[in-house]
Structure formats: C-alpha cells, structure tokens
Amino acid sequence: MSKKDYCGLFAIYNHDEAARLAYFGLYAQQHRGQESAGIVTWDGENIREHKGMGLVHDVFTERHLGKELKGRIAVGHVRYSTTGASLIRNAQPFLVRFGNTQLAIAHNGNLVNTVELRRELEATGSIFQTTMDSEIFVHLIARHLRDGGVEQAVAKACARVRGAYSLLILVNNKLIAVRDPHGFRPLALGRVNDAHVLASETCAFDLLEAEYIRSIEPGEMLVIENKCVTSIPAAESIPTRQCIFEHVYFARPDSTVFGEVVYENRKRMGQILAEESTPDVDFVMPFPDSGIYATVGYAQTSGLPLEMCMIRNHYVGRTFIQPSQTMRDYSTRIKINPVRSMIKGKRICIVDDSIVRGTTIRSRVKKLRELGAREVHMRVCCPPIRFPCFYGIDFSSKGELIAANNTVEEIERFIGLDSLHYLSIEGLLKSVHAKDSWCMACFNGDYPIDVSPETNKSCLENEVALSW
Ligand code: AMP
C-alpha cells in the first residue's frame, strides 16, 4: 500500500471541450503529482478513459484529447507515488463497471483505517484490483448502492473510512465532489461560462479563465447533474483541520487554497520569521523555487538585500540515475548552478520552506562553503517537522525526519550552519488567516484522527537511524 499520496484533482461539467480543459487543468497542477496522469469522460453512454505513467504532456496526445475522450464531462487526476506503488494499475481515475453503473473515482489524501477495511471487505467477497486505499471507496459505494441512491451510497462509504480524502466521483452523467469532515486536503469550485469546474488548486482555474467560486466545505458533498448543483452538508460537524503544509510548501504560490492566497501567506511567513530572528549577514537568498516567496517577505522585514545567487535550469526534465557518483553529481548540478562571484567571502542567510531529512540543504551548504562563503546561516519558514504525516504528505516515517530525533543545535551541526532558526508554531499561525482550523500534526504531534495500530506499525517499521 502506498503511504505517499499527494495528488491533484480536476473536473469539468458541461463543456464542449471537457477533455482538453481537463488536460490543461492537470497541466497546471503537475507539481501535485508526476508519476501518472489520467482523464475519464462521460460520452453520453459510457465512461471513456485514458491513463498513463509520466507527466501530463507525455500521457495524452491529440488523438486522446480530440477523438477518444469524447463527452462534456471530464475528471482528471495526477498522482505522485514512490517505488512499489508506482504502477499503471494504481493510476487514477479508477474506473469500474457493475450492473448498469459506471463509476470513476479520483482521490487525493490518505486513509488511516485501510488495513482493517480491506481485510473486512475481502473477507466478504471483494476482490481488489489495485494496492490503493482509494479503491476501498469503490467497494463500499458498490455495496451501499443496493440500498438506495448514489449520494446515499457515497455518504455511507464516507462514514466507514477514516482519514483524508478529497474525492471526485463520476457516476454515469453525475459528478460528485466530496471533502472529508476535517477538510485535510483542498478542493475548490469554479465556473467557466456554463460549465462547473473543480480542482485541488485554483491555479488550474486561472489557466482556463474560470472564476473561483468557493472552497468545497469540509464534510460537504456537492452533486452536479444536468443544470442542477446540490450541496449536501456533512451529517456531523467536527473541527476543521486543513493541512497547513499546503501553504508552507506544497501548493503553488499562485493558488488560493482553503480560501487563502498561498503567495501572501508564504510572504508573511518570511516576514514573521525575520521578526523572530535576523542574523548579521551580507544578504539573504532562497534556493529556487521553494522558499522564494518567503524570502521576499524576509528581505522586506529584515531590511537585508535579497540576492538570487542560485540559478535554476528550467529545461531539465528527469535526469537518469547514473551508475557512478561523478555522473550523479553532474545530474544534480545541471538543475541548479551558483553565481560564484556573489558567494565568495560573503556572509549569507538562506531562507527555505522546510527541512525534512536535512540532506538536500546539507549538500547545498557544503557547496556554498566550497565556493568560499564566509558564513552560512539558515532560517526556515515552518517549525521543525517532528512527526510523520498520515494524511497525504510525503513524510511518513519518523526515522526520515531529522527533527524527530535531533535538537535544533544538532541539526545546525549536521547541516554545517553558523546558525539555524525555525519559525515558531505561533509565528506560523500568525502567517495564515484562519486560526483554529489547521492540522499541524507534523509539527506538534496533535493528530486529528488516530491512526490504526496497523498503519502505525508499518510506519515504525520504516524507522531508520540518522547517520552522519
Ligand atoms: P530534505 O530536507 O533533504 O528532505 O529536503 C527538504 C526540501 O524538500 C524542502 O526544502 C522542500 O523544498 C522539499 N520538500 C518539502 N516537503 C517535501 C515532501 N513532503 N516531499 C518532497 N519534498 C519535500
């Protein structure tokens, strides 16, 4: 089972060029998943599908978009996963046919009672085709469809699962969008002419010149059928717990996520970080691309000059893993290259979004020292990540997290810094608008939903000792 699923969702209802717009909607959200991409459409009689491994522009051709994916309703998905789960059969949307029903589902998030549910479903006859937790929804919906309408079946399925899910479900010509009751992962509603659009991030709307209407509410089910849009509220009202890490790192800065503009929040993180701690240095700099927007805020508040001394090559795709260390070094260096004269003899403060394992920044600091930097300090736009995420962000094992087992001083030494300061939890909360509605479990261990013992066990088995 994949424990690492951050994904991008897109859907459009009632548009002549539904598949083409879905393609662009996924293109805009490529950062949310690069392993596989898929689009399904409803052609009036059947759900059509095309999925493949790789980037959106590798998976779809003119033939798919112009001829095969016919219809005025489309649902698309981009998926990130790691080895093992990186299989074409795990690509989404996941399409099934049973009786007169054709159902396709696209899921962003992670469930935390997968092992138990899967065991229970298999014991009573379900045969799973994939290793994805998302398939559990399909089996639960299929069972409950016997008792009534599809909305009811979806609601009953949601009542059985625990964890993070933003879902897009196409059932024949009906489109259903759901966010879990805590609202961990985003999902936004928009409109372009007579068509409704849904996406994980609003950057997908901008590309299509769609108007942003609102975020789907935690626990809300939105049903779109013909010209009718119905909102079915959650049965129970529980505290909202939206993932603050979407604002720290994951979402694109030009998106509105959970109703808040990511760019503005990131800039404020930098401003508050500067208020908390500013070293005596010659300039502040980001490593592109993450951290750039916070660095702008940091420079404004600290009064330090902002320099962009690391230059990114925008034309690098995947570099093949080479057998020798020299070749691996080339492929790292091709992505980002320093302006050497700017670094020699300078006292530098790096601002970055986060430290996960600490290995990326460690090699970067080593490089800056080799280039003659006199001092290297670092300021980080979020608190130390001490706890694994079970709800869809890719740091699932405690052993991977440098801050889980080390003090700030130890991390400073490991990376080779002259000083290190992380944004405080209070500072992070001041950077965003909503106050009481965040999941901050990766920083404070306060998990909104308990993780089943089996999920927890599989996490602990991954624990490895940090070595340096
Ligand atoms: P490292 O500390 O070597 O694991 O790298 C941390 C950097 O990876 C951060 O500065 C981010 O730019 C990026 N990052 C943050 N979170 C994640 C994540 N969940 N998956 C992949 N990269 C991430």
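The model is predicted: local features need pLDDT of at least 70, side-chain atom pairs count only at pLDDT 80 or more, and totals for chains, interfaces and linings use all residues. Residues are numbered from 1 along each chain as its sequence is written, and side-chain values use heavy atoms, with hydrogens and water left out.

A polar side-chain atom of D353 lies 3.2 Å from a ligand oxygen. For V356, a backbone N or O atom is 2.9 Å from an oxygen atom of the ligand. For G358, a polar backbone atom is 2.7 Å from a ligand oxygen. On its own, the ligand has 500 Å² of accessible area (Shrake-Rupley method, 1.4 Å probe), and the protein covers 87% of that area. Helices here are DSSP runs (H or I, at least four residues), numbered from the N terminus.

The structure contains 11 aromatic pairs. Rings of Phe, Tyr and Trp (its six-membered ring) pair if their centres lie within 6.5 Å; planes under 30 degrees apart are stacked, over 60 edge-to-face, and the rest tilted. Y23 and Y27 pair edge-to-face, at 5.6 Å centre to centre and 80 degrees between the planes. Both residues lie in helix 1 (residues 18–27), four residues apart, about one turn of the helix. Y23 is buried, at 12% relative accessible area, whereas Y27 is partly exposed, at 38%. Buried means under 20%, exposed over 50%, and partly exposed in between (1.4 Å probe, protein chains only). Ring pairs link Y23, F24, Y27 and F60 into a cluster.

Y249 and F250 form a stacked pair, with 6.5 Å between centres and 25 degrees between planes. Y249 is partly exposed at 39% relative accessibility. F250 is buried at 5%.

R118 lies over the face of F128, 4.2 Å from the ring centre. A charge sits over a ring if NZ of Lys or CZ of Arg is within 6 Å of the ring centre and within 35 degrees of the ring normal.

Methods
Helices (H or I, at least four residues) and strands (E, at least two) are DSSP runs, numbered from the N terminus. A polar contact is a pair of N or O atoms within 3.5 Å; within protein, one must be able to donate a hydrogen and the other to accept it, and residues adjacent in sequence count only if both atoms are side-chain atoms.
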